[in-house]
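Hello,

Here is the structure I promised to pass on to you. Please have a look at it first, and then read my notes below.

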Number of protein chains: 2
Amino acid sequence: MIQQLIQNIKKTKAPVCVGLDPMLSYIPEYILQASFKTFGETLEGAADAIWNFNKEIIDYTWELVPCVKPQIAMYEQFGTWGLLAYEKTVRYCQEKGLLVIGDAKRGDIGSTSAAYATAHLGKVMVGNALCTAFNTDFLTVNPYLGTDGVKPFVDVCKAEDKGLFVLVKTSNPSSGEFQDKTFEGRPLYELVAEKVVEWGRDCMDGSYSNVGAVVGATYPEMSAVLRKQMPHTYFLVPGYGAQGATAKDLKPCFNEDGLGAIINSSRGIIAAYKQEKYAKFGPEHFAEASRQAVLDMAADIGSVL
Amino acid sequence: MIQQLIQNIKKTKAPVCVGLDPMLSYIPEYILQASFKTFGETLEGAADAIWNFNKEIIDYTWELVPCVKPQIAMYEQFGTWGLLAYEKTVRYCQEKGLLVIGDAKRGDIGSTSAAYATAHLGKVMVGNALCTAFNTDFLTVNPYLGTDGVKPFVDVCKAEDKGLFVLVKTSNPSSGEFQDKTFEGRPLYELVAEKVVEWGRDCMDGSYSNVGAVVGATYPEMSAVLRKQMPHTYFLVPGYGAQGATAKDLKPCFNEDGLGAIINSSRGIIAAYKQEKYAKFGPEHFAEASRQAVLDMAADIGSVL
């Protein structure tokens, strides 16, 4: 699976992931009103607006990027209607040839993680029929429960040729609270990184593993250490743009071959038309603003690689 | 919210939580076949079977216990159909007066955690309408991202009088891999516990906080330390029964007032009819077997309090 991502990155020349994390406040009023007119001010109405918003952004950006990353929380808040919009978004992106990273950060004890792995990456047997639920290409996973909580995800990756990104060092301000605590001189995120390498060892796909890591762009010195520690691990890198990291901060996430990292931007792309820089597009052309933001981001990252 | 749980515990005299974690393999064949006949061997068919199975267990146990804990992964694996069964289960339990602990172990960066908090505990504004999605009474939360990842859940608890159980020390075999690592002589789970106490401090509801902790029953020496460290924190305790912990192992989770812990059992109750001990009930009376398993569990725990 990771080779498919690499091929897509090489084809688009853009290690850029569009974070499809729609908030209602990002969606232009005319889209919201059209959905509310049909479905009312309901969860169904919100989900319809999200889907229409996503679809247009995808239509304007799909050939520029290798992948998208819908954040499932943004859909889950609208209940099963929201999750239907998530599913529809995943399917539509895959039809366009985009790889989809389900950003769900799931993780539990073994048997429960197995159910999550089935939900998002695998197949479930119902009677004699094999069924799929969300069926994304990659999934983000939380490691707090240790190996037996992560192993079921790795097993499904092996069986179905899918990929993971395990949280190692996250981009948020409090990420250091536990992740930076040092045990015998080494921070927790390095210990987690060590395990991620171990979990990924028999999941190799070319020179990279299908078990990747989430490494926030907001802590570049730590990215540099992790890059050395995990030469065969792909990094999913949040934190660029709206969260404050610049292209220079991203450099340490990449290997010398220019590979090894895929950079996500959510708000900075999907709500680009709300920025002064892209205001000229106006709400009616929000998806063109997103397209321009993707082009600008790819150029910005390209300038440091 | 935690006072409502305590009242329910006092009323039922059973600090027992029924884990509604249905696997298709737990569901008697005649229930599966009836659902497959109507809906086919599909996700919809699986979800219907799960709902029928849950409903009967709830009907036979609701007046014996204070709360239930559906594990959302078991529903999520059947996609949006499964999540509709989750929602239906939550509503049905609440109608019976049961409190519902959504076991979702969500956790992310701030804005995303806020969306999860909305999804599971809060309300979301759609146009001018306030809508609710899953609307459980409590939610389990993963602390790996630190304070800014947990704070949005705490905020919703305050606004809506809901409760949390934050993962501190989990019951699974690998839980020690990261959670037991020591920082200046103190294991990570104690550092997390310290934060849970801090997060819960301005969320008090009587002598306990609405911010509780998940503390596995399988490590009783650690439970004893945590009980002392967190006297005003309610513990949600997994690991009894199928995972190996006995009533004696639970004792350290309780305070001297006999309160402070709610013990979950999933497989041991909902699949009781598959155990030799309850085999006499047979698959047709699986819910009566569950009822007996609840009574036996309550008596077992009562014997050590």
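Two strands count as paired if DSSP finds at least two bridges between them, strands being DSSP runs of E with at least two residues and helices runs of H or I with at least four, numbered from the N terminus. In β12(B), Val215(B) is the bridge partner of Lys169(B).

Some background: this is a predicted model, in which local features need pLDDT of at least 70 and side-chain atom pairs count only at pLDDT 80 or more, while totals for chains, interfaces and linings use all residues. Residues are numbered from 1 along each chain as its sequence is written, and chains are lettered from A and ligands numbered from 1 in the order in which they are written.

In chain B, eight strands close into a barrel with parallel pairing, in the order β1-β2-β3-β6-β7-β12-β13-β14. Strands β7 (residues 163-169) and β12 (residues 211-215) of chain B share five bridges.

Over in chain A, strand β7 (residues 163-169) is largely enclosed by the rest of the structure, because seven of its seven residues are buried (20 or more other C-beta atoms within 10 Å of a residue's own, with C-beta atoms placed from the backbone). β7(A) pairs in the parallel sense with β6(A) (residues 138-141) over four bridges, and five bridges join β7(A) to β12(A) (residues 211-215), also in parallel. Phe165(A) of β7(A) stands opposite Thr140(A) and also opposite Gly212(A) in β12(A).

Enjoy exploring it!

Definitions and conventions
A residue is buried if 20 or more other C-beta atoms lie within 10 Å of its own, exposed if 12 or fewer, and partly exposed in between; C-beta atoms are placed from the backbone.
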